[in-house]
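Let's take a walk through this structure together. Keep the sequence and the 3D view open as you read.

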Amino acid sequence: MPDDLNWAIGGEAGDGIDSTGKIFAQALSRAGRHVFTSKDFASRIRGGYTAYKVRTAVDRVESVVDRLDILIALTERTVDENMDELHDDSVIIFDGERTMMSDFEAPGEMTGLDVPLKRLAEEAGGAIVRNIVALGAACEVAGFPIENLDEALEKRFGDKGSAIVDTNKQAARLGQEYVQDEYDLTTDYELETTDNDYVLLNGDEAIGMGAIAAGCRFYSGYPITPATDVMEYLTGRVDRYGGKVVQAEDELSAINMALGAARAGARSMTATSGPGIDLMTETFGLIAQTETPLVICDVMRSGPSTGMPTKQEQGDLNMTLYGGHGEIPRFVLAPTSVAECFHKTIEAFNLAEKYQTPVFLVSDLAMAVTEQTYEPEQFDMDAVEIERGRVVDEDDVEEWTNEKDQFTPHAATDDGVSPRTFPGVEGGAHMTTGLEHDELGRRTEEEEIRVEQVDKRQRKVETALEREDWSPREFGDSDSDNLVISWGSNEGAMLEAIDFLEEEGVDVRFLSCPYIFPREALAEEIREADEVIVVECNATGQWADVLEHDALERVKRINKYTGVRFKADELAERVKQELAGETAEVEAE
Amino acid sequence: MSSDIRFTDFKSDAQPTWCPGCGDFGTMNGMMKALANTGNDPDNTFVVAGIGCSGKIGTYMHSYALHGVHGRALPVGIGVKMANPNLEVMVAGGDGDGYSIGAGHFVHAVRRNVDMSYVVMDNRIYGLTKGQFSPTSREDFETSTSPEGTKQQPVNPLALALSAGGTFIAQSFSSDAQRHAEIVQQAIEHDGFGFVNVYSPCVTFNDVDTYDYFRDTIVDLEDTDHDSTDYDDAKEKILDADKEYQGVIYQDENSVGFEEREGITESMADIPDGAPDDAMDLVREFY
Ligand SMILES: Cc1ncc(C[n+]2csc(CCOP(=O)(O)OP(=O)(O)O)c2C)c(N)n1
Ligand code: SF4
């Protein structure tokens, strides 16, 4: 049996699905196994199907696949929802004593394990530990030493006292023993443990951690799925470093507060999702025009409008690239994995301050709710460098003042980057405005000055083009004529897809793009390749459009907009078909 | 901060483009006097302005300043103060800016009670867009967009502030220079959100709420036995629709600014060159 196992627990929202899944994921991670989690959830608090899925292997796992090996089904619907992924060797754990599942029979050749979860839970100390009984049963099926669950249970319930921890441990054992005693399992799953130390975190947490590493001190936001975790992560933690999180009354306020804090010298950020980005758009121009450094994070979900709040999509690219009236110099960064959420957040802060522009950090729901294991060294805090750009203090403010002793916050420098003083710095007082202005920040409509200032702001982007490294991440066969390009969170699925394709004798070169802008080098790549396929989670191919425009060449497209991220095996199949000249039917799930 | 600061130090050399006689001249002079009188200087002062004739105020003053988008000056001011509580933060705007497009922010700024002052130049009209009715316009006020009157109740900004838990609620009249400056000064000195609604007549588009009208009707609370610390007394005055009052109408003397309650005492501008020393602990939380 391969070591790569797909496990899930599903039931109704409010059944404790998330915490049970997380405990299992943590236990696996602490046992030195790699983990990749995903969630199916609906936009409601109680009721409605929800599931937490864990894929685990000793080797790295980068994506979800179309297969489910062990399923804890707290409701019959859970089985129905996952029928496509179940196979003959799958094991379904359910509680036949619960009325809803009393006459349930596992379909086909699958093994159904009827475990009296509720009864055993009560025996252990309370019906509330029902899911832990199921976990114990699942450990037995998976061949995963149950002791590894103990640590995760201690971590989870430790602060509730040892009695609670013991009840949980006991519950797990009762579940395990029940399966041992009552069933003669014919499956032979065997989850190896290793000495590796991993950390397990999701994309929003990685963004929050990156923000703190980068010296973020002020965050204002308004709760919205799936960006809220960023705010919740920072709340309490950023305070330890002298910062603050403010929950604003709406996104308009959130971004303006963040802007105010940035002007006062704080590294400042806000995060939201589609509907919130719409509201913030008004202020994009103000940020650019006042040359205020600000990181704006968009954790995308399915749109348009309120769309599917708990579903995946990469539909906001155009919004972050072009949103706002007038022309707004900006940078758009799209982390390609959970770890990259950390790294790109740090980079976003540096770019924002070095070039005094809005920087969009575009993540998405798939990364926000996916927890992934990493070696802690992946988040190397010693490597973090903070670059604040042209900040001017009392000592050199004179260098930037005119003959009337006025500070010139918008001086038209050669590199386009102007001097910045933080309020409190003597001699640096100045006005800044969203109106077109001169070097002093004074309103003007003079043609010459208008052109000078527009050019100056644009020049910052050109400077950044020269000074920064905007390379995409390259994978696969570097000699291949088949070029696959994607942006953001598709990287993991594509990485595994490359392996699938290789097995079938199809070679591809894969460029995963964390920088949406600038992109001249990419156009060159496209012109040189034979076949180009652009993969993205949206219907119209927003990134493909941009690339075609840049390269003046047509590209092939693979789009998915079902609300579910690409799965590795599915993506491999579609790439194969695309290369063979067949267009796949978009399958709705 | 130096003690020899004069109000003219807060003046920029930009030429105001306000109409001659506009109430905003007086409002601005009073603000600058109040800032100087409270011992502030331009380098530790941050003025945030809204959009409108009123919002141009930041352009004509000399200090750290930001002129933002319509209606959102308050959140900017809150962000500035939260990020550096050592700054004197003053937000200014018009009645349209503050009570119409920015009404939501107004209510929340009041209840958040950040230690800053908010001066609204209330001319009961939209000046900059050339004379449409504003949220404080009277019901029968005829303008280009309300030829037969607004047919809606004017907003009572003081009542809004009181109901939102305002800790300092005052009103002044821009042409009563001395009193206006005093009242703004009290707003600055108040620990919390110091809100001053200033009658600041528009001589070009509003021929109803004129200097003469205010001069004739205004009642200075100093000339009455009003107790500004008495909530019920304040409520009565604020809900009295027949009178225009000047003075501090309500002040909660126990008010403590939000940033102080949140424990912010230092500027957030200074950060280390790299990640915090204990940053690997953040990673280990995910074990
Ligand atoms: C989003 C947006 N909508 C509309 C405008 C146009 N606008 C500019 S000022 C203003 C009203 C200003 O009225 P008020 O705040 O009372 O200030 P006043 O000019 O009377 O001092 C409007 C509607 C704008 N600048 N931005
Ligand atoms: S239009 Fe009215 S408010 Fe605007 S400057 Fe003229 S007088 Fe003042």
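This is a predicted model: local features need pLDDT of at least 70, side-chain atom pairs count only at pLDDT 80 or more; totals for chains, interfaces and linings use all residues.

**Where the two chains meet**

Between chain B and chain A there are 28 residue pairs in polar contact, counting pairs with both residues at pLDDT 80 or more. On the side of chain B that touches chain A, the elements giving two or more residues are α2 (57-60), β2 (64-67), α3 (73-83), α5 (103-112) and α11 (279-284) of chain B. Of these, α3(B) gives the most, with seven residues.

Now step back to the whole contact. Chain B brings 50 residues to it, and chain A brings 69 residues. About 4900 Å² of area is buried between the two chains, and carbon and sulfur atoms give 63% of that. Look for B:Y64, B:F286 and B:Y287: they supply 17% of the area that chain B buries against chain A, more than any other three residues.

Charged partners meet here too, with seven salt bridges between chain B and chain A. One of them joins A:K244 to B:E262, whose closest N and O atoms are 2.9 Å apart.

The chains also pair through strands. Strand β15 of chain A (residues 431-433) runs parallel to β2(B), and three bridges join the two. Find A:T433 and you can trace its bridge partner in β2(B), B:H67.

Finally, turn to ligand 2. Around it sit B:W18, B:C19, B:C22, B:C53, B:N123, B:C202, B:V203, B:T204 and B:F205. This shell divides into seven nonpolar residues, two polar and no charged.

Notes
Residues are numbered from 1 along each chain as its sequence is written. Chains are lettered from A and ligands numbered from 1 in the order in which they are written. Side-chain values use heavy atoms; hydrogens and water are left out. A residue is near a molecule or strand if one of its heavy atoms lies within 4 Å of it. Ala, Val, Leu, Ile, Met, Phe, Trp, Tyr, Cys and Pro count as nonpolar, Asp, Glu, Lys and Arg as charged, and the others, Gly among them, as polar. Contact means heavy atoms within 4.5 Å. Buried area is the accessible area (1.4 Å probe) that two parts lose on being put together, summed over both. A salt bridge is a side-chain nitrogen of Lys or Arg within 4 Å of a carboxyl oxygen of Asp or Glu. A polar contact is a pair of N or O atoms within 3.5 Å; within protein, one must be able to donate a hydrogen and the other to accept it, and residues adjacent in sequence count only if both atoms are side-chain atoms. Helices (H or I, at least four residues) and strands (E, at least two) are DSSP runs, numbered from the N terminus. Two strands pair if DSSP finds at least two bridges between them.
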